[in-house]
Amino acid sequence: MPGFAQATDLSAWSSLQEHHQKLGKDIVLKEYFKNDPKRFEKFSYTFFNEADKSETLFDFSKNFITEETVELLVKLAKQANLEELRDDMFAGKKINFTENRAVYHVALRNVTNQPMKVDGVSVVEGVNVVLEHMKEFSEQVRSGEWKGYTGKKMNTIINIGIGGSDLGPVMVSEALKPYGDRSLKLHFVSNIDGTHIAEALRDSDPETTLFLVASKTFTTAETTTNANSAKQWFLKHAKDDAAIAKHFVALSTNEAEVTKFGIDKKNMFGFSDWVGGRYSVWSAIGLSVCLYIGYDNFHEFLAGAHAMDKHFKETPLEKNIPVLGGLLSVWYSDFFGAQTHLVSPFDQYLHRFPAYLQQLSMESNGKAITRSGDYVKYTTGAILFGEPATNAQHSFYQLLHQGTKLIPTDFIMAAQSHNPVENNKHQKMLASNFFAQAEALMVGKTPDEVKAEGAPDELVSHKTFLGNRPTTSILAQKITPATLGALIAYYEHMTFTEGAVWNINSFDQWGVELGKSLAKKILNELDEAGESTKHDASTSGLINAFKKKSAL
């Protein structure tokens, strides 16, 4: 990126260092609120989602920020050319320069058909053709018009993929289960561990099972191995290769390999090389979601993300919700030494959301080389983790409250439940914990308060909570398809903002290649007779031990 090599070269970075030193240990969040009754109004923002006319509240007020902090962080974003990089992305420029590709997942959810081009060629028509194909196919399957080789309606969908071809579809289908067709059983197979495919097949009937093989190249080792195992299982029952066309479809662009497998090219759902794996749920990779929740709901999912795209693209940085979220992440990582970022949804349907965000965040920004090819002089890529509350309260929240680590936390909740059990009693209990955890992390409990509760002297220090732990609270109206789409897009653009400031390429993933290439070599060795001597002593020893233990 022209203009700077390291974020530390920017004058705003130096200003933030001075600002951080000035704030120092004087940051006491509960005092900030006491001294400024309007703090909540100043640092909370409402996102209005045009797709379903809902509102989502983003409360940043319990973070280590003042008005000066926000001003300096925004200045840092501007000096890092965030706006230019963002505009280049929306213009279809090849900002993924190490792979010479555009980064254009925003074009997949361009439901208002704004002009969008790559290399001067419009992509709008191609995206709409695939969407129309997804609509037609999903309606045929859901209605029963599409039948298996014995004339029966499909009632089981097995999505075979890995990485983004698995994490996105499984997360969204779980999150939007209230909108799903409960007569359809969904299985997602990703792991090369044979147990994963075996368990999915054990629960399936070949006459009524539809396989979605999700691999852009149709050469991904784990996916093609699982797909071929599924094919062998299917043919044991169907006996006829022609039946494959009724039960297998490909989410791929490699027509030669797809047809070689036995899938009719008419049952291919393609997507372009400017669709990164971890951003691909908006593409044909989301076909399992479309089948499950129906095309209209899938379209609303896209529209919700499109609404957040519009906000990210058009809103001034100082009021831009995903930009502020990303800048806060940089603030904590590089000025407070925070190494982690917790996302804890107070919603059981979102139980796979943190796992999805792990790939989005850590595969994107787990980089140590700047765009200019230099090793970074600062921390990048927080370790993101999470589990749904309230379960998480009884596992790792202890570390949040009384541990030695600073763990910036996002709490997510919807005001309206899809299951208002017992006159909404469950939802109110859930909400009470959502509010209480953020408040408790902020205010803590002093030794005097502990003593006032009658605790013996020897337990006072054990029951004291330091507080002053930062949180962001995200309160949606209800987790609708549009709301979920906007929420995912929020984290995408937040991740984009981090990468822009750190001056790294957030869109390649060379780090996953080395282990995969070594695994291919070792796989051949496992079929060779004799002991392995081609590696270090530990690796060779482990290979030889495996050969002995796995001998049939």
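**Surface patch, helix packing, salt bridges and backbone geometry**

Phe 546 is placed in helix H23, which spans residues 537-550, in what is a predicted model. With a relative accessibility of 46%, Phe 546 counts as partly exposed, and together with Leu 523 and Leu 526 this residue forms a nonpolar patch on the surface. The accessible area of Leu 523, Leu 526 and Phe 546 taken together amounts to about 280 Å².

The packing of two helices was examined next. Two packed helices are described by the angle between their axes and by the distance between those axes. For helix H8 (residues 164-175) and helix H16 (residues 353-365), the axes come within 9 Å and cross at roughly 150°, and the crossing of H8 and H16 is left-handed. On the side of H8, the contact involves Gly 164, Leu 167, Gly 168 and Met 171, which meet Phe 353, Ala 355, Tyr 356 and Gln 359 of H16.

Charged side chains were then considered, and a search of the whole structure finds 19 salt bridges. Among them is the pair of Glu 199 and Arg 202, for which the closest N and O atoms are 2.7 Å apart. Both Glu 199 and Arg 202 belong to helix H9 (residues 194-202), where they are separated by 3 residues, or about one turn of the helix. Glu 199 counts as partly exposed at 45% relative accessibility, whereas Arg 202, with a relative accessible area of 59%, is exposed.

In the salt bridge between Asp 87 and Arg 86, the closest N and O atoms lie 3.3 Å apart. Arg 86 counts as buried, since its relative accessibility is 7%, while Asp 87 counts as partly exposed at 37%. A further salt bridge joins Asp 119 to Lys 94, with 3.2 Å between the closest N and O atoms. Because Asp 119 lies in the loop between strand E3 (117-118) and strand E4 (121-122), and Lys 94 in the loop between helix H5 (82-90) and helix H6 (105-108), this pair ties together parts that are 25 residues apart in sequence. Asp 119 is exposed at 60% relative accessibility, and Lys 94 is partly exposed, with a relative accessible area of 32%. Beyond these pairs, Asp 36, Lys 42 and Glu 67 are linked in a network of salt bridges.

Most residues other than glycine have a negative phi, and most peptide bonds are trans. A cis peptide bond, with omega of about 15°, joins Ala 389 and Thr 390, and Thr 390 is found in the loop between strand E10 (383-385) and helix H17 (397-402). Lys 53, although not a glycine, has a positive phi of about 60°; Lys 53 lies in the loop that runs between strand E1 (44-49) and strand E2 (54-59), and with 53% relative accessibility this residue counts as exposed. Asn 100 likewise has a positive phi, with a value near 55° in a residue other than glycine. The place of Asn 100 is the loop between H5 and H6, and Asn 100 counts as exposed at 52% relative accessibility.

Definitions and conventions. Residues are numbered from 1 along each chain as its sequence is written. This is a predicted model: local features need pLDDT of at least 70, side-chain atom pairs count only at pLDDT 80 or more; totals for chains, interfaces and linings use all residues. Side-chain values use heavy atoms; hydrogens and water are left out. Patches are made of residues with over 30% relative accessible area and no salt bridge: like charges are joined within 9 Å, nonpolar side chains (Val, Leu, Ile, Met, Phe, Trp, Tyr) within 5 Å. Accessible areas come from the Shrake-Rupley method with a 1.4 Å probe; for residues, only the protein chains shown count as cover. A salt bridge is a side-chain nitrogen of Lys or Arg within 4 Å of a carboxyl oxygen of Asp or Glu. Helices (H or I, at least four residues) and strands (E, at least two) are DSSP runs, numbered from the N terminus. Buried means under 20% relative accessible area, exposed over 50%, partly exposed in between (1.4 Å probe, protein chains only). Axes are lines fitted to C-alpha atoms, for helices over the stretch in contact, and angles run from 0 to 180 degrees between N-to-C directions. A crossing is left-handed if the near helix is turned anticlockwise from the far one by less than a right angle, and right-handed if clockwise. Contact means heavy atoms within 4.5 Å.
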